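Student: I would like to take a close look at a single part of this model, the open sheet and what surrounds it. Could you take me through it in one connected account?

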There are 2 protein chains.
Amino acid sequence: MIRTNHDFIIYIDKLRKKGSYEIDEQVFAPKTMILKQDRRYSSVYLIREGIAKCYITDENGKEFIQEFLGQGMEFGELEIFSNKLTICSVTSVSELKVYSFPHSTYRALLKEDPTFNGLVMKALADKIRYKAPRHSYQHSYPIEDNILRLQKLFPELTEVLPKKDIANYIGVTTRSLNRALKELKQKQDNPK
Amino acid sequence: MIRTNHDFIIYIDKLRKKGSYEIDEQVFAPKTMILKQDRRYSSVYLIREGIAKCYITDENGKEFIQEFLGQGMEFGELEIFSNKLTICSVTSVSELKVYSFPHSTYRALLKEDPTFNGLVMKALADKIRYKAPRHSYQHSYPIEDNILRLQKLFPELTEVLPKKDIANYIGVTTRSLNRALKELKQKQDNPK
DNA sequence: TTGGCCTTGGGACAAATGTCCTTTTAATTA
DNA sequence: TAATTAAAAGGACATTTGTCCCAAGGCCAA
């Protein structure tokens, strides 16, 4: 659920030490909106520390969380390739330290640095791989199963995140999430 | 719903004429399974003509269709970057003509041909962009709206594809699809 | 041409989820 | 500390969707 990419962050740390490219450092307070859906920006971000949520808001104001981004994940990179507006909003969950690449730098790196190029390519491929089974799983299994799976993978998250976010991630209403949680508790207290 | 990528096919056509890389041509009969989920393959495919469906099958045997691939779309490429097993099965819908790249050729092209590299990068980015809003939309709107949207975008598909596929694409059962279709028809016959 | 098989369509009921609201609890600020 | 706001929990009901059937029609192979 919280995605990470260590190889990427390690490589960028190295790059920065060399200092041949402009890579800025930035810190955002918790709950800061960093990218807003349907806008245009001129930087790509890479998370050095902290967690961000990446989500789409529909016309009715419902949020649908795409993924939680952790160390080494980038955002704002899709717009490099398509020159379209952002599809997702990105907000910091905890305090967030990021590297930010001006588009020009990012483009230069893609061209001139084969390792960087490869890392970006792999990061894109991983995002695709990750999304495919997720939505299929959420469709095919009841809410309870989705919660259990989540709690197993990221026990800490359930305590850090507001219920609303968890519900939005699973793609259900808060009410339904609560109902499922209650039933789960009953089953655990009174097994079978 | 049927995705395409013309720039890509145009460029590969050009490449093939030059003949410096091994790019084979292959034809599959309708309803042929080309890739099977959780296997390993040694080629990447690019569609020259026809339509394929790309889907995940879960433990209960339910299919969930990821996308329909048309001209210029590639499949089997994710495994180049992560060396993992395929996540999707791919089956031809109509007769399918493809170019197939041995992994070695594909890798060589990525390294040596910047245009190819860029096209692949963009193709990956587009797949991500495309998936995000789709699942969010399907969650937030009733089946009827999803059908209407689909009929508007691809009126031809509704006639070519079996109902089961359409249902699997929207992520509902055939029963629910039928129900929605019936209600739609009633509304049209007897408006308001 | 007939029997099997698959697709389509739909009835009846069960289960899951959403909507709307109210109450409770915790957190924040004046 | 009191007052205000926000988050969490849940009751009651409506709606949606799924499950399990069965029947009708088309298509193919024997």
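Tutor: In this predicted model, A:Phe28 stands opposite A:Leu96, a residue of strand β9 of chain A. That pair belongs to the stretch where β2(A) and β9(A), the latter spanning residues 96-102, run antiparallel and are joined by five bridges. Strands of a sheet pair through backbone hydrogen bonds, in either a parallel or an antiparallel manner. In chain A, the open sheet consists of four strands, arranged in the order β2-β9-β4-β7 with antiparallel pairing. Because β2 (24-28) and β7 (74-75) of chain A each have a single partner strand, they stand at the edges, and one side of each is left without a neighbour in the sheet.

Across part of this sheet lies a helix: α3 of chain A, residues 103-112, is placed over β4 (43-49), β7 and β9 of chain A, and runs at about 75 degrees to β9(A). Leaving aside residues up to four places away in sequence, A:Ser43 touches A:Gly76, A:Phe101, A:Pro102 and A:His103.

The axes of α1 (residues 6-18) and α4 (residues 114-140) of chain B come within 10 Å and cross at roughly 155 degrees. As angles over 145 degrees count as roughly antiparallel, this makes α1(B) roughly antiparallel to α4(B). The crossing in which α1(B) passes α4(B) is left-handed. On the α1(B) side, B:Asp7, B:Phe8, B:Tyr11 and B:Ile12 take part, and they meet B:Thr115, B:Phe116, B:Leu119, B:Val120 and B:Ala123 of α4(B). Sorted by class, the contact between α1(B) and α4(B) has seven nonpolar residues, one polar residue and one charged residue.

Two loop residues of chain B also deserve attention for their backbone angles. B:Lys31, which is placed in the loop between β2 (24-28) and β3 (33-35) of chain B, has a phi near 60 degrees, a positive value in a residue other than glycine. With a relative accessible area of 72%, B:Lys31 is exposed. B:Asp38, in the loop between β3 and β4 (43-49) of chain B, likewise has a positive phi, of about 65 degrees, although it is not a glycine.

Terms used:
Residues numbered from 1 in each chain as written. Chains lettered and ligands numbered in written order. Predicted model: local features only at pLDDT ≥ 70, side-chain atom pairs only at ≥ 80, totals over all residues. Heavy atoms only, no water. Axes fitted to C-alpha atoms, helices over the stretch in contact; angles between N-to-C directions. Parallel < 35°, antiparallel > 145°, perpendicular 65-115°, else oblique. Left-handed = near helix turned anticlockwise from the far one by under 90°. Contact = heavy atoms within 4.5 Å. Nonpolar A, V, L, I, M, F, W, Y, C, P; charged D, E, K, R; others polar. Pairing = 2+ DSSP bridges. Buried < 20%, exposed > 50% of the residue type's maximum accessible area, 1.4 Å probe, protein only.
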